[in-house]
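Hello,

Here is the structure for you to look over.

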Amino acid sequence: MAVESSNTTTTISSPPSSSSSFSSTAEQEEEQRLHIPPNPHPTRLHGRAFYHSLGSPKYILAPMVEHSHLAWRLLVSRYLPKPTTSPTEDPIDPTASPTSPPILTYTPMLHSRLYHTTPSYPHQNFPAAHNTLDGHPSHDRPLLAQFCANDPSAFLASAELIAPYVDGVDLNLGCPQGIARKGRYGSFLQDEWSLINSLIGTLHGSPSLPVPVTAKIRIFPDKKKTLEYARMVLSSGASILAVHGRTREQKGHNTGLADWATIRYLREHLPRDTVIFANGNLLYPGDAQRCLTSTGADGVLSAEGCLHNPTGIFLDPTLHPPEHLFPRVDTIARQYLSILRTKILPYMTHPSRATDPIVEPNLTNVKSHFFKLFHALLPRFPDIRASLATSRPRNIPADPLADFEAVVSAVETVIHDELARNPEPRAPHHTSVGLVKIGDWYCMSAGWTGPQRRSASVDVTPNPQEVEVEVACNHWDIPFYRCQPYLRPLPHEAVSRGAMSAAALTTHPRSVE
């Protein structure tokens, strides 16, 4: 049963008819105007003022269950290389200074009921109150905490607990997994508009919550229903709207393509001062810039892209050489281990007995991160894959990272041997300052000339839009030892391979005209 909030005055209506149109700028602005409930907190910012207070971020590490913990947040947000003006091979900025504008990050998705009722839950998922660097104003900001929720009271209670350590609290309305259906949260709330209105409105209407509330949604197949949905979320009090351009049904083998056109439609039909983040289709460096241009969004989120290429996915290929865009996986792994040693181990609470398991989330997820980072390398070296599969964080007095150090050393060895046999092609020496375009890439003097183009083979007959994307996604021949995207088969290809039944194939959402 939906819970109504006494703090909101939002009217939840049906989607507009297809005959509605805007006849003038004044009428359009009046039609777009949102009726947002009053903000009772004296210092809490809202909307674009809140976005500016975060540093107006363009690039955002998306919330990921068990994958956007502190160490990975720091790797993505603080260790990106600066645009190259001198010949250096190092893809990591050794000063580890924040980018400008800063990269916004999210915590992993947290459970709103467990966070305020189970004492061990925050310690195992976001231990900010235990003298860690989670949420630290000098190390881990800007930062939004994301919760799944279906109880406004529990959502508010957890938001108040976490507020001192974050800049805002986000409501997950996008998770499409079966566990979200079972738990009644994520995208499975998108048909319960009154409940969503109450969840967001309760936080926005609270005089005791010092931080804003935001929301991350998925789209409907009908772009006009998506617009009405977005208006409802914003009118409930959400300061920022993050839009994943896929429907609830697009997951697993049926993930398919995100619909940037619908995000653009929201940009054009919501009030101009609405802050919109776009999400979906980021595979290669340069995709983030294309997404911002295509959608008109204020910022762009990446989830899987940041797992496979954490320091390269957001870079502009016109400002960075290939070494930065596609860094070597052993270099990134070493930097990750360094972060764990300097930013995690000194602050973690060790189990009292050597036989007790380690529950520190930054350590328990190293194996998963390495499987994703090394995904193109591991099939060639089954011995390294087997070693990684049995790796785990060790308890004191042993080195907690010993197993992973051994894996990275093995990776370094095979990469060294590969480069000795097959050196990378190098650009000629040049005396100009900065980068020189050679082929498809802007290269450093004597630097790597970057991956080469290759012809994409489409062995099935999908719809024309999938053919176009299949060609676009598969045209770089990236060495196995450099960061690169994981290319999931498109839905029609998955059907042809027997990975998904034709009956399960969902037509990709396209804007309803």
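Helix α6 (residues 152-162) packs against helix α8 (residues 193-204) at about 30 degrees, with axes 9 Å apart. Axes are lines fitted to C-alpha atoms, for helices over the stretch in contact, and angles run from 0 to 180 degrees between N-to-C directions. Helices are DSSP runs of H or I, at least four residues, numbered from the N terminus. The angle makes α6 roughly parallel to α8 (under 35 degrees; over 145 is roughly antiparallel, 65 to 115 roughly perpendicular, the rest oblique). Pro152, Phe155, Leu156 and Ala159 of α6 make the contact with Leu195, Ser198, Leu199, Thr202 and Leu203 of α8 (heavy atoms within 4.5 Å).

This is a predicted model: local features need pLDDT of at least 70, side-chain atom pairs count only at pLDDT 80 or more, and totals for chains, interfaces and linings use all residues. Residues are numbered from 1 along each chain as its sequence is written, and side-chain values use heavy atoms, leaving out hydrogens and water.

Now the second pair. Helix α9 (residues 223-235) and helix α10 (residues 260-269) pack at about 55 degrees, axes 10 Å apart. That makes α9 oblique to α10. On the α9 side, the contact includes Leu227 and Arg231. Tyr265 and Leu266 are among the α10 residues they meet.

Last, the cysteines. The whole structure has 0 disulfides (cysteine sulfur pairs within 2.5 Å). The sulfur of Cys175 lies 8.1 Å from its closest cysteine sulfur, in Cys148, too far for a bond. Cys175 is buried at 14% relative accessibility (buried is under 20%, exposed over 50%, partly exposed in between; 1.4 Å probe, protein chains only). Cys306 is also buried, at 0%.

Best wishes

Methods. Helices (H or I, at least four residues) and strands (E, at least two) are DSSP runs, numbered from the N terminus.
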